[in-house]
Structures are given as structure tokens and as C-alpha cells.
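Work through the exercises below with the sequence and the model side by side, and try each task before reading its solution.

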Amino acid sequence: MALSKEEREQFLAEPHIGALSVSNGENRGPLTVPIWYQYTPGGDLWFTTGRGSRKHQLIEASGFVSIMVERVEPTVRYVAVDGPVLRIEPGTDEQLVEMTKRYLPPESVDGYLELARREHGESVAVYVKTAHWLSADLGSV
């Protein structure tokens with residue numbers, strides 16, 4: 001059964017690991033990778049990635065991405081969105097902190113932030129308009 005607008009937006013706002021897909025060029029399937037993302041109901045979705053990375057280059061070239069999130073308990077549920085990239089900006093430390101706190105337990109935040117600041121290099125923040133939605137709750141299967 002398809003989710004209502006409110007249900008799908010609330011589900012997407014939860015901290016699921018997303019599967020990001022972006023065109024990978026002619027004669028190739030899309031590049032599909034796991035990603036941390038942020039979304040507030042009614043707003044635009046955003047995530048960060050390494051500046052100059054393959055993912056960053058493909059997103060800039062395509063200008064369009066898809067993201068799918070799912071769960072299997074208590075019921076099988078998913079939400080998929082796709083839409084145009086609205087803008088790409090230099091990533092900030094505030095975004096890194098926000099995303100880390102969203103996805104990791106409090107006792108892991110400081111250690112991860114130290115590692116990310118030391119080893120991940122520069123990032124970009126990618127903002128996406130959630131233009132098209134596909135969702136379902138398949139119940140207990």
C-alpha cells in the first residue's frame with residue numbers, strides 16, 4: 001500500500017541509510033552507493049560527499065539523482081525519491097557534525113568527527129529537490 005504524503009515524508013526524515021543512484025555514463029548502470037542524508041518534511045534533501053570524488057563528478061554531470069531508503073521491521077517499508085540537484089556548495093564542519101550526530105550514537109560522535117576531519121578531506125553539500133516519490137508499506141511479509 002502506498003504511503004500518504006505525511007507518512008512518506010516522515011519516513012524519509014528518519015535516519016535511514018540511503019541508496020544514492022546517479023547516472024554513470026553510457027553503457028553503464030547507475031552508480032549506486034550507500035549514503036547518509038538529511039531531510040526535513042516539506043524541504044529539500046541534502047547530503048555531503050568528497051569534493052572531486054567520482055560521485056561528485058557524476059552528480060555535477062547529470063544534475064539529477066535518486067535516493068531510496070528502506071526498512072524491514074516492524075513492516076517492510078520503502079520510500080524512493082528522485083529529482084534535480086538544486087545546488088552544490090562547499091561542505092561545512094557544521095554539516096559534518098549534524099550528520100554524524102544524526103547517524104551515530106552519542107558515544108561514537110567525537111571519535112568519528114576526529115577521524116573524518118583528519119582523513120576525509122574537503123567535501124561538498126549536494127541539495128536535491130524531492131520531485132518524484134514512490135513509496136509503499138508491504139506489511140509483514
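The model is predicted, so local features need pLDDT of at least 70 and side-chain atom pairs count only at pLDDT 80 or more, while totals for chains, interfaces and linings use all residues. Residues are numbered from 1 along each chain as its sequence is written, and side-chain values use heavy atoms, with hydrogens and water left out.

**Exercise 1.** Describe the largest pocket and its lining.

Solution. Begin with the space, which comes to about 580 Å³ in the largest pocket (a pocket is an open set of points on a 1 Å grid over the protein atoms alone, where a 1.4 Å probe fits and protein lies on both sides within 12 Å along at least five of seven lines; lining residues have an atom within 4 Å of a point). Next, find the 24 lining residues, of which T48, T49, L96, H120 and S123 lie nearest the centre of the pocket. Then assign the lining to elements: strand 2 (31–35), strand 3 (45–50), helix 3 (93–103) and helix 4 (106–119) each supply at least two residues, and helix 3 gives the most, with 5 (helices are DSSP runs of H or I with at least four residues, strands runs of E with at least two).

**Exercise 2.** Determine how helix 3 and helix 4 are oriented and which residues join them.

Solution. The two helices pack at an angle of about 140°, with their axes 10 Å apart (axes are lines fitted to C-alpha atoms over the stretch in contact, and angles run from 0 to 180 degrees between N-to-C directions). At the contact (heavy atoms within 4.5 Å), D93, L96, V97, T100 and K101 of helix 3 meet V109, Y112, L113, A116 and R117 of helix 4.

**Exercise 3.** Locate the cis peptide bond and the non-glycine residue with positive phi.

Solution. Most residues other than glycine have a negative phi, and most peptide bonds are trans. The bond from E73 to P74 is cis, with omega near 5°, and P74 lies in the loop between strand 4 (64–71) and strand 5 (76–90). N27, whose phi is about 60°, sits in the loop between strand 1 (18–22) and strand 2.

Terms used. Points joined across faces, edges and corners; volume = space filled by probe spheres on them.
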